[in-house]
Amino acid sequence: MGLVSSSYFADTIVGWLNLIINIAAIILEAWAVIHCAMQRPDAFTALGTPIPKGGWLVILILSLIITLFFGVLGSLFMLGLIGLGFTGFYLLQLRSGFRELLEGRW
């Protein structure tokens, strides 16, 4: 009897953790899409990225769609993790570059 209840408890905890991770990923990816959409196209060339604004928008929107439908840890978890990686790269590298570009540190 104790084995059944502990298994149910573990499944419940894993389910809640998956939900929290997916919600956090969706928020981050939506933030990246909105930020990317608000930037000027010439800012991407000023930063020296090989991918233009349209390419980044496509990558970020696709990663958001994959996360919305399949989740980061869902059936296509590898695509979700790759999309989350692109989102992290955009937010950590390009967003900070845009901030430095606007503040005139270049």
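Helices here (H or I, at least four residues) are DSSP runs numbered from the N terminus, and Ile 65 lies in one of them, helix α3. The model is predicted, so local features need pLDDT of at least 70 and side-chain atom pairs count only at pLDDT 80 or more, while totals for chains, interfaces and linings use all residues. Residues are numbered from 1 along each chain as its sequence is written, and side-chain values use heavy atoms, with hydrogens and water left out.

**Helix α3**

- Helix α3 has 18 residues and spans 25 Å from its first C-alpha to its last, close to the 26 Å expected at 1.5 Å a residue, where the expected span is 1.5 Å times one less than the number of residues.
- Lys 53, Trp 56, Leu 57, Leu 60, Ser 63, Leu 64, Ile 66 and Thr 67 are buried in α3; buried means under 20% relative accessible area, exposed means over 50%, and partly exposed lies in between, with a 1.4 Å probe and protein chains only.
- An α-helix has 3.6 residues a turn, so residues three or four places apart point the same way.
- Ile 65 counts as partly exposed because its relative accessibility is 37%, and its C-alpha lies 26 Å from that of Thr 12, which is 53 residues away in sequence.
- Just after α3, Gly 71 takes a positive phi of about 80°.

**Aromatic residues**

- The structure holds five aromatic pairs; rings of Phe, Tyr and Trp (its six-membered ring) pair if their centres lie within 6.5 Å, and planes under 30 degrees apart count as stacked, over 60 as edge-to-face and the rest as tilted.
- One of these pairs, Trp 56 with Phe 86, is edge-to-face, at 6.4 Å centre to centre and with 75° between the planes.
- That pair links distant parts of the chain, since Trp 56 belongs to helix α3 (residues 53–70) and Phe 86 to helix α4 (residues 77–103), 30 residues apart.
- Trp 56 counts as buried because its relative accessibility is 3%, whereas Phe 86, with a relative accessible area of 35%, is partly exposed.
- Trp 56 also forms a tilted aromatic pair with Tyr 90, at 5.7 Å centre to centre and with 50° between the planes.
- This second pair again links distant parts of the chain, with Trp 56 in helix α3 and Tyr 90 in helix α4, 34 residues apart, and both Trp 56 and Tyr 90 are buried.
- A single aromatic cluster is formed by Phe 44, Trp 56, Phe 86, Phe 89, Tyr 90 and Phe 98.

**Nonpolar core**

- A nonpolar core is a set of buried Ala, Val, Leu, Ile, Met, Phe, Trp, Tyr and Cys residues joined through side-chain atoms within 4.5 Å.
- The largest such core has 14 residues, of which Cys 36, Phe 44, Trp 56, Leu 60, Tyr 90, Leu 94 and Phe 98 touch the most other members.
- The elements giving two or more residues to this core are α1, α2 (41–47), α3 and α4.
- Leaving aside neighbours within four places in sequence, Trp 56 is in contact (heavy atoms within 4.5 Å) with Cys 36, Phe 44, Thr 49, Ile 51, Phe 86, Phe 89, Tyr 90 and Leu 94.

**Charged residues and their surroundings**

- The structure holds one salt bridge, defined as a side-chain nitrogen of Lys or Arg within 4 Å of a carboxyl oxygen of Asp or Glu.
- The salt bridge joins the side chains of Arg 40 and Asp 42, at 2.5 Å from N to O; Arg 40 is exposed, with a relative accessible area of 56%, and Asp 42 is partly exposed, with 39%.
- Glu 29, in helix α1 (residues 2–38), is buried yet has no salt bridge, and the nearest side chain of opposite charge, Arg 95, is 16 Å away; Lys and Arg count as positive and Asp and Glu as negative, while His and the chain ends are not counted.
- Not counting residues up to four places away in sequence, Glu 29 touches Ser 63, Leu 64, Thr 67, Gly 83, Leu 84 and Thr 87.
- Thr 87 is found in helix α4 and is buried, with a relative accessible area of 1%.
- Arg 95, also placed in helix α4, counts as partly exposed at 24% relative accessibility.
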